[in-house]
Amino acid sequence: MSDMSATAERQNPPPQSGLEVLIVGAGFGGIAAAIELRRHGISDIKILERAPDLGGTWFYNSYPGAACDVPSHLYSFSFAQRLDWSRLCSVRSEIHDYLRDVARGQQIDRLIHTSNTVTSCSWDDASCRWTLTTEAGTVYEGDVLILATGQLHQPSQPRIEGAASFAGHTFHSAEWDHEYSLAGKRVAVVGTGASAVQFIPEIAAEVERLTVFQRTGNWFLPRKNRQYPAAVKAAIRLIPGVQAFRRKFMFQYCEAITVAIRHPRTVGRLVHARSSAFMRMQLKDPQLRRKAWPDYTFGCKRVLFSSAFLPALARENVELVSAPIERMTEDGIITAGGVRHELDCVIWATGFKTNDFMFPMEITGSDGRELREYWSAGAHAHLGMTIPGFPNLFVMYGPNTNTSGGSIIFYLEMQAAYIRQALHALRARRAGAIDVRPEVEAASDRALQARFAGTAWTQCDSWYRDEDGRIVANWPGYMREYRERTEHLVPSEYRFMPAPDRAPVIGSQR
Ligand code: NAP
């Protein structure tokens, strides 16, 4: 296509017809779905995004040192491989720019309606349509709804007695206050998860005093993540096959982490020994080592990749506090035993409301069924995507599709392809709606939960579990297993409802 005709197409897009698809969320998931559907003739798509820009987690998490600890050759779309990553694990700005470039290159950016917070989604059996309402009162209608809001988008802040009385400054790591200077301040970080370990080494030298409140220690593996030397960059760019080999190698490396988590008594012990040796080398001070050491099975919580965090704890101006927080006062935090920590600023690195998924959005399905009620005993969905009684609804990065040892982009691509198959099955039958059979969803959930038996994930408390202890965040197996399960949609697992008079027809087939 010439530049001119491409420009003309951009200005005068082909008439939209057929299935109207509404996607909520313009992160990697929503963008993956839009690309996949458009490539297969479903082009009437709107992506509604709460933020003023695309990017999802990579828009919101702008804390210093924000990066991905999954190598970029794997943490990127299979169909949009880049040869010029600056380092093994890219920093936030590079990942955000990558996603923006992909969205622009695939002309997805113009489908995105930013600053649009969807508050409710309601299905109508008679018309086989979803109606979405936004905070501003705008109403959108569509045949298909894809919820691509993910698991990690609602900051969670603990309820601590006296927190409101604290006179200093506070913010969450996912809502970093770039206007506030930490220089020369007495700063607390509450939480030592994947986010905290990335920004603590960055701010430690800047602040006057840094007090790190740790509830549970973590298992670490090394990650230096320096810029690639010129020779490595050149090899990736110029030698055919290097890029593909790296991607395959990283895929297998990530699968090996899952082997360790799935087999804590055998392979898990080996990786545990590797992690222990690394941590012992990094934590020379026996008292600090004792405090930082985790007390649970390797791999039960997310293993953290950092060569900079533990040395940062050993700095003169940094203190690791493992005593529980009792309460807050006007001037700081009081820990068990009445120890007072005077502070100017508290940074909450306390993670996300992971069990809420797309809530607080209200989702109403067939016969007025409320998703909140349906999930009152914990979230579950067939392959993490389809929920009985919620026709033409697909969730991306839904229940039990998080990965502890893999790339979420891989799962999102699989999900996008599965949703495309579902919509094609819908069209092939000239049906109005596709709805997973309740017995299929129940059986797949039972089988999935059974796969956790004996794994490290079951051996401690973590954000992967809901209040009743059920693991609702993670996929219990390997990336390759998820591909096998989702590669071919099985139509008999679904009910197809007759179309109302207005039969849906997909764009290019008309
Ligand atoms: P997180 O892993 O959930 O960590 C939250 C931290 O806050 C934990 O140390 C937790 O302690 C602590 N905490 C929670 N409530 C607390 C309370 N009431 N009092 C004291 N401490 C409390 O959150 P995150 O670090 O933001 O990371 C969330 C997820 O985002 C990660 O697991 C990962 O999947 C993803 N992430 C990925 C990357 C990457 O590079 N790929 C980077 C950042 C984040 P406990 O351990 O005791 O619960």
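Reader: Hi! Is strand 2 buried or exposed, and why?
Author: Strand 2 covers residues 44-48, and four of its five residues are buried, so the strand is largely enclosed by the rest of the structure. Buried means under 20% relative accessible area, exposed means over 50%, and partly exposed is in between, using a 1.4 Å probe and protein chains only. Helices (H or I, at least four residues) and strands (E, at least two) are DSSP runs, numbered from the N terminus.

Reader: Thanks! What should I know about the model itself?
Author: This is a predicted model, in which local features need pLDDT of at least 70 and side-chain atom pairs count only at pLDDT 80 or more, while totals for chains, interfaces and linings use all residues. Residues are numbered from 1 along each chain as its sequence is written, and side-chain values use heavy atoms, with hydrogens and water left out.

Reader: Okay, back to strand 2. How many bridges join strand 1 to it?
Author: Five bridges join strand 1 (residues 20-24) to strand 2, and the two run parallel. Two strands pair if DSSP finds at least two bridges between them. Val24 stands opposite Leu48 in strand 2.

Reader: Which residue is the bridge partner of Ile47 in strand 3?
Author: That is Ile112. Strand 3 (residues 112-113) runs parallel to strand 2, with two bridges joining them.

Reader: Can we look at Ile23? Where does it lie, and what does it touch?
Author: Ile23 lies in strand 1 and is buried, with a relative accessible area of 0%. Leaving out residues up to four places away in sequence, Ile23 touches Gly30, Ala33, Ala34, Ile45, Lys46, Ile47, Leu48, Ile146 and Ala148. Contact here means heavy atoms within 4.5 Å.

Reader: New topic: at what angle do helix 12 and helix 14 pack?
Author: Helix 12 (residues 408-428) and helix 14 (residues 479-486) pack at an angle of about 5°, and their axes are 10 Å apart. That makes helix 12 roughly parallel to helix 14. Axes are lines fitted to C-alpha atoms, for helices over the stretch in contact, and angles run from 0 to 180 degrees between N-to-C directions. Angles under 35 degrees count as roughly parallel, over 145 as roughly antiparallel, 65 to 115 as roughly perpendicular and the rest as oblique.

Reader: Which residues in helix 12 meet helix 14?
Author: Phe410, Tyr411, Met414, Gln415, Tyr418 and Gln421 in helix 12 meet Met479, Tyr482, Arg483 and Thr486 in helix 14.

Reader: Last one! What order does the open sheet of four strands have?
Author: The order is 6-5-4-18, with mixed pairing. Strand 6 (139-142) and strand 18 (362-364) stand at the edges with a single partner strand each, so one side of each has no neighbour in the sheet. The twist averages 15° from one strand to the next. Strand 5 (residues 129-134) and strand 6 run antiparallel, joined by four bridges, and Leu132 stands opposite Tyr140 in strand 6.
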